[in-house]
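Look at the structure first, then read on.

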Amino acid sequence: MPATERDLARAAAILRQGGLVAFPTETVYGLGGDATSDRAVAQIFAAKGRPSFNPLIVHVLDLSEAERLGQFGETAKRLAAAFWPGPLTLVVPRPANSPISMLASAGLPSLAIRVPAHPLAQALLREVQLPLAAPSANPSGRISPTAPEHVEQGLGDNVDMILDGGSCAIGLESTIVCCLESEPMLLRPGGVPRSAIEDVLGERLAAAHSGSEKSEPSRPLAPGQLASHYAPRAQIRLNAEAPQPGEAWLGFGADPEGIGAISRNLSPSGDLMEAAANLFRFLHDLDGSGVAAIAVAPVPNAGLGEAINDRLMRAAAPRP
Ligand code: TXA
Ligand code: MG
């Protein structure tokens, strides 16, 4: 049932006691805990089965709150002013006296911070008066949750409460921009398209290096950007023209002839925003049918397509 004032008060009480509450954001559902509590943050890692080298995003109500936790230079301030509240995460230097749990930032000298736009996320942050560490509310490596039932299926009893905000409007995680060096870097494509950020900056965003490049070890990475991620149980075949016998179909634009019953279309009209909003839900749906493989139509790489293709490539990558 949709969340009420009383649910918010209960959620805040659970969080203050170090418990975990899943809450909706405009991107995906987050698994929230008190970012200043080592115990709460450790519980988040345990609930997701997440490797502890992979740091968490800290969620706050506004830029002034964010500036209490991290150091915002010119570029970070400009991006925050342009895109907060919204699907953008900024990685900034972590001051020595930051109240955020060291575990949340995995011991890095930086912090990832974002101001979510979802009214329920904002209401929760206002009520609890704590910064909330919140990774996507899925078991580590699995498909991200864009509806409360995905959280329930994935995490079950590992979460104390799920705040119901219906389906997530954007459906892809936030774009992560690193503001540690003079040139800002795109660490993860996401809900804000690269071009929108480049327009605000007036320059191209540098690309983050992949984990295998050891030549410039000082260059920061999003440590969580593992090759295999967002993985359904089924195998994924990308850039397919049509499904082969036994494959489910995930289309984009006009569907080919002869697709079977187990199919979805991300956007029959070829709209990338619609496709982003549908992506994780449709992967959950098709995977839930028990098929062995899912064939996926090509998705153009423009705008939000960059983030959609990033998720699809990781979903299709060989599993560890
Ligand atoms: O939209 C989102 O960002 C969602 C909602 C819940 O806010 N959250 C989310 O969190 O996607 P998660 O944990 O699934 O992904 C966080 C990413 C990881 O790839 C992690 O490595 C990166 O952020 N990250 C966190 N702190 C970082 C830091 N200090 N430096 C570089 N990358 C960082
Ligand atoms: Mg995630």
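## The buried area

In this predicted model, domain 1 and domain 2 bury about 1500 Å² between them. Of that area, 58% lies on carbon and sulfur atoms. Buried area is the accessible area (1.4 Å probe) that two parts lose on being put together, summed over both. Ile143, Leu172 and Pro189 supply 40% of the area that domain 1 buries against domain 2, more than any other three residues.

The size of an interface is often given as the accessible area lost when the parts come together.

## The two domains

Domain 1 covers residues 5–207, and domain 2 covers 235–316. These bounds come from an automatic or database domain assignment. The domain centres, taken over C-alpha atoms, are 27 Å apart. In contact (heavy atoms within 4.5 Å) are 22 residues of domain 1 and 15 residues of domain 2.

How many salt bridges are counted between domain 1 and domain 2? The count is 3. A salt bridge is a side-chain nitrogen of Lys or Arg within 4 Å of a carboxyl oxygen of Asp or Glu. Arg194 forms a salt bridge with Glu306, with the closest N and O atoms 3.0 Å apart.

On the side of domain 1 that touches domain 2, α6 (148–155) and β9 (185–188) each supply at least two residues.

Arg311 sits in helix α9 (residues 305–316). Helices (H or I, at least four residues) and strands (E, at least two) are DSSP runs, numbered from the N terminus. Is Arg311 buried or exposed? Arg311 counts as buried because its relative accessibility is 1%. The cut-offs are under 20% for buried, over 50% for exposed and partly exposed in between (1.4 Å probe, protein chains only). Leaving aside neighbours within four places in sequence, Arg311 contacts several residues, including Leu172, Pro189, Tyr230 and Phe280.

Met273 is in helix α8 (residues 272–288). At 60% relative accessibility, Met273 counts as exposed.

## How the values were made

Residues are numbered from 1 along each chain as its sequence is written, and side-chain values use heavy atoms, without hydrogens and water. Local features need pLDDT of at least 70, side-chain atom pairs count only at pLDDT 80 or more, and totals for chains, interfaces and linings use all residues.

Technical notes:
Chains are lettered from A and ligands numbered from 1 in the order in which they are written.
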